Amino acid sequence: ELNYWQRPDTIERHSNLAARRDYWRPYVDFIGSGRAIELGDALLDIGCGPTGIFTAIEPEGRKVGLDPLLDESRDHYPLSPGVEFLTCGGEQIDLPDASFEHVFCLNALDHCLEPQRVLEESFRVLKPGGQFTLAVDVYNSSARKWKALLSAHVKVRVFQKQELHPHKFVRKDVTAMLERVGLEPSADRAL
């Protein structure tokens, strides 16, 4: 993951604040279709990277971004002002229970070492009545079967650990993980 964020073309593309806001706009619109972000709300972005959703969220309030690679990112990206950045993963969030009205995990769950633990921690720090927004790549089961069939008939290069996306999910597995921690999906939309 770090290699991606340190590539010159990635740095150029993501250093432009207007482009970052344009990228995050569909996510912000989707979030607004649920519990709207209000002035003073506390917001947590798990796996925020150097250019997280806070570049596109206007209301003032507490904003906290978590990412294990933030220390390396600081050398290449201007981090969003007004955000408290913590260099850590989402598996163990050193913040009090029920601290945030909104918790975001956007394109990060499949990068985490323990996705179920990230969801447990997300639910723990979410205030009652708060909104958890998850964006994750999901695959249908036929795609998984197709990959298995293909690998049986074609020579495939296999990596011990896929660094960028160590997890692949199908929709029903994500729904089951959410339900195990008491989160019930209320909207499902492709972005």
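**Thr133 and the strands around it**

Good morning. I shall begin with Thr133, which is found in strand β5, residues 126-135. Please bear in mind that the structure on display is a predicted model.

Is Thr133 buried or exposed? Its relative accessibility is 5%, and because buried means under 20%, Thr133 counts as buried.

What, then, surrounds this residue? Its side chain makes a polar contact with the side chain of Gln131, at 3.2 Å. If we set aside the neighbours within four places in sequence, Thr133 is in contact with Phe30, Ile31, Val103, Phe104, Cys105 and Leu106.

Several of these names lead us to strand β4. In β5, Thr133 is the bridge partner of Phe104. The pairing of β4 with β5 comprises six bridges, and the two strands run parallel. Between them, the chain passes from β4 through helix α5, residues 115-125, to β5, and this β-α-β crossover is right-handed.

Let me now turn to β4 itself, residues 100-106. Why is this strand described as largely enclosed by the rest of the structure? The reason is that seven of its seven residues are buried.

Strand β4 also pairs with β1, residues 43-46; three bridges join the two, and they too run parallel. Here Leu44 stands opposite Val103 of β4, and Val103 is itself among the contacts of Thr133.

To summarise, Thr133 is a buried residue whose bridge partner is Phe104, while β4 is joined by parallel pairing to β5 and to β1. Thank you for your attention.

Terms used. Residues numbered from 1 in each chain as written. Predicted model: local features only at pLDDT ≥ 70, side-chain atom pairs only at ≥ 80, totals over all residues. Heavy atoms only, no water. Helix = DSSP H or I, 4+ residues; strand = E, 2+ residues; numbered from the N terminus. Buried < 20%, exposed > 50% of the residue type's maximum accessible area, 1.4 Å probe, protein only. Polar contact = N/O pair within 3.5 Å; in protein donor to acceptor, adjacent residues only side chain to side chain. Contact = heavy atoms within 4.5 Å. Pairing = 2+ DSSP bridges. Right-handed = clockwise from strand over helix to strand, strands pointing away.
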